[in-house]
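Thanks for coming, everyone. I'll keep this short. Please look at the sequence and the structure together.

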Amino acid sequence: MNHHFTLPAMLVLVNLCFSAQDAHCQTANRFLQSRFDSFDKNGDRKISISESPRPLVFRRFDKDGDGSLTIDEFRGLIEMAVGQRSSTNDDNGPWTPGVFTASIPDDAPISKESVLAAAEYSAANKGVSFLVMYDGQTVYADYPGGGAADRDHELASGTKSFTGVMAIAAIEDGIIDSLDERVGDTITEWKSDPQKSKITVRHLLNLTSGLEPEGDGRSKVPSYKVAIARPSIHAAGEKFDYGPTHFQCFGEFLRRKLKASGSSDSPLDYLQRRIFDPIGLKYGRWRRDEDGNAHLPSGASLTAIEWAKFGEFIRLGGRWDDVQIIPKDKLDQCFVGEDTNPAYGLTFWLNREVDPIKRRSILQLRFATDDVTDLKKVPADLVFAAGAGKQRLFISRDAKLVVVRQANGIIDALGGVAGGYSDRDFLDRLMK
């Protein structure tokens, strides 16, 4: 594997504005600091080789050779860990088309030409993987910009969609009563709070719990312990507020429910046993908080084909190898939006019209995803998982499609630096 990395523009800005008040710089700094803190277990402001996430390449970033990494040295390591490269793909040479592994039927909603157009567009916008499945078969794979078929890549917030499916499985197994179960019956610390006591599982999963986000709600993932201590600033169900706190609270809720059921599983253990193992999905890495709990809103790293397996499982309505792992009617509850944000279900983004005033009021609808409802060739039933840096898993049952798009630029995106990629332009090219 090529381990030559150039410092992205965002990290140069971090060096220049570490104490500045610019919002983008502050966001990037918080992101890097939170990663550093998650590995600095003893709080000595250094990461020893035993604490390092990549001990085999530790010495590369230990510039002064003292056997530990400062936060400045750690930036290089974390840049590699999230799959970050330079802001362009110029040092990887010109893009060349990937490989078609199967023919595309004439009546399919995509064609060889449209797939290549989308692939070229993705590659030109920091893409490192692009994989297309049609009717259960991989038809095209492309790994530009330093990507590789066997290289796992961080999904960022694309991780969130696993949680909705995990919740549905837990309801089917009787671990959770229903989506409308009050979380405070299990997280009993909430029972005396007039607002938190009314939060349901559904509120956590559709991001309307009313809980105050951790920090700015987007750059730092709180531990389960910190998340459940966040105060409520809105009535449950009143306002869509994107952020990690909802997911970490769900993690603590499910952890306690699993324990009460007699299981020794952690939430990630349960997800692995209940969903990943039956479909043969293997993840590369998964970040954890200081208590060892998996980050549910972000932190999973998968190869393109492994992420596509999850997409195919969703497309098949919770079925795999003729086994119904989750009932389709229950799974489909993940794809129903609410008035607070019709374009978001339970941890999945939806291709739904949103009132223009409401769209402008929701940051993620304004800047992170595009309105494609007027592109008639884009399937109305399209749902997707989305992560910073334009990580995407698109799924359509009507079109028989699962499409994975992974890219560099996670740190840039979290720092507020906009890239050139657009879902609208990508899908317009992909669909014939």
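Let me start with a question: what covers the buried residues of helix H16? Keep in mind that this is a predicted model. The cover includes two helices, H5 (112-124) and H14 (363-368). It also includes four strands: E4 (127-134), E12 (383-387), E13 (391-396) and E14 (401-407).

Now H16 itself. It spans residues 423-430, and its buried residues are Asp423, Phe426, Leu427 and Leu430. These four cover an arc of only 90° around the axis, so they sit on the same side of H16. At the start of the helix, look at Ser422. One of its side-chain oxygens comes to within 3.1 Å of the backbone nitrogen of Arg424.

Step back to the whole chain. There are 16 helices and 14 strands. The chain has 432 residues, and 56% of them are buried. Take the contacts with a separation of 6 or more: 64% of them join residues 24 or more positions apart. The accessible surface is about 17800 Å². Carbon and sulfur atoms hold 50% of that surface.

E5 covers residues 137-142 and pairs with E4, antiparallel, over five bridges. In that pair, Met133 has Thr138 of E5 as its bridge partner. On to E4 and E14. They run antiparallel and are joined by seven bridges. Here Val132 stands opposite Val403 in E14. Then E13 and E14. Their pairing is antiparallel too, over five bridges. Leu393 has Val404 of E14 as its bridge partner.

E13 and E14 also form a hairpin, with four residues between them. Check Lys400 in the turn: its phi is positive, at about 60°.

Stay on E14 for a moment. How many of its seven residues are buried? Seven of the seven, so the strand is largely enclosed by the rest of the structure. Why look at both faces? Because in a regular strand the side chains alternate between the two faces of the sheet. On one side of E14 we have Leu401, Val403, Arg405 and Ala407. On the other we have Val402, Val404 and Gln406. All of these are buried, so both faces are covered. Note that the list includes Arg405 and Gln406.

There is also an open sheet of three strands, in the order E6-E8-E7, again antiparallel. The edge strands are E6 (153-154) and E7 (285-286), and each pairs on one side only. E8 covers residues 300-302 and pairs with E6 over two bridges. Glu154 stands opposite Ser301 in E8.

The cut-off for buried is under 20%.

To close, go back to where we began. The buried residues of H16 lie on the same side of that helix, and E14 is among the elements that cover them. That's my tour.

Technical notes: Residues numbered from 1 in each chain as written. Predicted model: local features only at pLDDT ≥ 70, side-chain atom pairs only at ≥ 80, totals over all residues. Heavy atoms only, no water. Buried < 20%, exposed > 50% of the residue type's maximum accessible area, 1.4 Å probe, protein only. Arc of directions from axis to C-beta. Contact = heavy atoms within 4.5 Å. Polar contact = N/O pair within 3.5 Å; in protein donor to acceptor, adjacent residues only side chain to side chain. Areas by Shrake-Rupley, 256 points an atom, 1.4 Å probe, with all protein chains shown as cover. Pairing = 2+ DSSP bridges.
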